[in-house]
Amino acid sequence: MKLSFMKSLLAVFLSALAFACTDHVVPQAPTLEESWINGWDSQKVLALPKSQRPDPSVYLKGSYITYQLSLFKNGASYLVTKKALDDFGRELLGYPDNTQFVMAKQEMDAMLQKTAKNVAAIEVELGIPAGSWQGKPLARIDIPNPEELHVRLPSGNEMGANALWLPGGHLPTGYSEAVVDRIPKGKYVESDL
């Protein structure tokens, strides 16, 4: 009798579990193509001079922006030459316009594993011009809590935005991209690459 009761209880549990799993559908990540609003597209944003590009909330749906920024909930990272850190100091990292481009920490982890930390391969993955970092010691900067530093999608007006910048929070090679405010000492972790 005990065995029969246990089987019945297990059957009820498995039925409830199956129902819960079929009822819970994970939503698809919003695509950039489906997230433009009011006739905007990448070409229209890029046609504007660098200093006159609007905030991404003007041309991208809120659901897309929220999703993109959720990629940074586990931290943000970027790579920099140690010479730049030595020359400009480590007390406050980033550009004078209060910006610093970053990528999602988990994507940095995956990219460094994929490239085995080979600098030439890293340059390809990140779209850095070939040879830019060759022979230069690099540091990895990790920001455990980018929300404290106003993580946001870049507008393309930032000092660090170059001719390769694309609207939508992605590098040309597909990795996620965001901007944070300048990073004070104590809010980041520096490690050798």
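Residues 24 or more positions apart account for 79% of the chain's contacts with a separation of 6 or more, a contact being heavy atoms within 4.5 Å. The model is predicted: local features need pLDDT of at least 70, side-chain atom pairs count only at pLDDT 80 or more, and totals for chains, interfaces and linings use all residues. Residues are numbered from 1 along each chain as its sequence is written, and side-chain values use heavy atoms, with hydrogens and water left out.

The chain holds 7 helices and 7 strands. Helices (H or I, at least four residues) and strands (E, at least two) are DSSP runs, numbered from the N terminus. Along the sequence the pattern reads α-α-α-α-β-α-β-β-α-α-β-β-β-β. Of the 193 residues, 36% count as buried, that is, under 20% relative accessible area with a 1.4 Å probe, protein chains only. The accessible surface comes to about 11,400 Å² (Shrake-Rupley method, 1.4 Å probe). Carbon and sulfur atoms make up 60% of that surface.

Helix 4 spans residues 62–70, and its buried residues are Tyr-64, Ile-65 and Gln-68. Seen down the helix axis, these residues fall within an arc of 95°, so they line one face of helix 4. The arc is taken from the directions from the helix axis to the C-beta atoms. Helix 3 (56–59) is included in what covers these buried residues.

Gln-68 lies in helix 4. Its relative accessible area is 3%. Leaving aside residues up to four places away in sequence, Gln-68 touches Leu-153, Gly-168, Gly-169 and His-170.

Terms used
Buried means under 20% relative accessible area, exposed over 50%, partly exposed in between (1.4 Å probe, protein chains only).
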